[in-house]
Amino acid sequence: MPEIALKPISVIICARNEIRNLEQYLPSVLHQNYPEFEVVVVNDRSWDGTEEFLEAWEKKYDHLKVVKILDNDKFLAGKKFAVTMGIKAAKYDWLVFTDADCTPAANNWLFDMQQPANEEIDIILGYSPYLKRKGLLNALIRFETFFTAVNYLGFAVKGMPYMGVGRNMAYKKSLFFKNKGFASHMHIPSGDDDLFVNAHANKHNTEIRLNQESHVWSEPNHTWAGYLRQKKRHFGAGKLYKSKHKFILSLQIVMQFLFYGFFIGCMFLSREAQFTAGGILLLSIIIKCFVYPRLLKRLNYGDLRWWFPILDILLFLFLTINGFLAMFGKKKVNWK
């Protein structure tokens, strides 16, 4: 059986004041085990030494290309502009995206994210877990990432892809320009990944990758304020999802509200109602005990299997509070 010819790949990374992350993680991308690929790093107006670092490394690596964005008051800068500049500079049609604070799980990452033999496939959705650190915030971030991944990868498997994560995804350059890039949502600071996928992915042109070697590990936020800003950006992008996707995701949230609302309401009623609510809550935990541990292990979060009942409640409270803050807080959110 003849071997399938491997098509060249352009890896796109946008960096704004990411000198420490680039020093630590860029080598793992540059040293991928793949016959022909380039790494395009977009330096978006950095002032922390990123420019000097990239200039030196561009001389060392022939397959590293640096794109520099200068301060200019004539345009509204942001990650989407940086991504667009990276895509324009890429010389290959198949684009793989990650971030400066990410590292592939293996040297064969690009083999798993390469362009499929099926020419109908325009988009590949990968998975990007967060690195384990100490503290409740880290556990909550990783559990939220697990829940989100199960949701968007599961829907994609069922033929309804609605989002992707820019830390690990791929699509064709031709698809990007055919659909005028981010033109329809350039005014939103986030959405270079999920809004693009939401607009152009369907059951015929999208695949997922869950092989362990296809994972990309990412550095999590270390402060609650940083995590809140990140979720606020994501909340703003979700408002522009297709109506059917917004309905399904909203329905999930409503069902959670009804579940916990029912449980809390029963606590103020008769003893029988309290026992009923307690029984329903216990039953839901038992059911999840058969499902969550296996999925958590598959998605590199096996250590959270003992804490998911508590994390489930905390995540619901956090996302509820963050939703209200996003609706009534300031609208302007920068990507870095």
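Let's begin with helix α2 (residues 50-60), where T50, F53, L54 and W57 are buried, buried being under 20% relative accessible area and exposed over 50%, with a 1.4 Å probe and protein chains only. These four lie on the same side of α2 because they cover an arc of only 90 degrees around the axis, taken from the directions from the helix axis to the C-beta atoms. An α-helix has 3.6 residues a turn, so residues three or four places apart point the same way. On the other side of α2, E52 and K59 are exposed. The buried residues pack against α1 (19-30), β2 (37-44) and β3 (64-69), with contact meaning heavy atoms within 4.5 Å.

A word on the source: this is a predicted model, in which local features need pLDDT of at least 70 and side-chain atom pairs 80 or more, while totals for chains, interfaces and linings use all residues. Residues are numbered from 1 along each chain, and side-chain values use heavy atoms, without hydrogens and water.

Of its 13 lining residues, K79, V83, F97, G166 and D192 are closest to the centre. The lining divides into seven nonpolar, two polar and four charged residues.

The second largest cavity, at about 30 Å³, is lined by F155, M160, Y162, H245, I248 and L249. Five of these are nonpolar, one is polar and none is charged. Helix α9 (residues 243-266) gives the largest share, three residues.

Note on methods: On a 1 Å grid over the protein atoms alone, a cavity is a set of points where a 1.4 Å probe fits but cannot get out, and a pocket is an open set with protein on both sides within 12 Å along at least five of seven lines; lining residues have an atom within 4 Å of a point. Ala, Val, Leu, Ile, Met, Phe, Trp, Tyr, Cys and Pro count as nonpolar, Asp, Glu, Lys and Arg as charged, and the others, Gly among them, as polar. Grid points are joined across faces, edges and corners, and a volume is the space filled by probe spheres set on the points. Helices (H or I, at least four residues) and strands (E, at least two) are DSSP runs, numbered from the N terminus.
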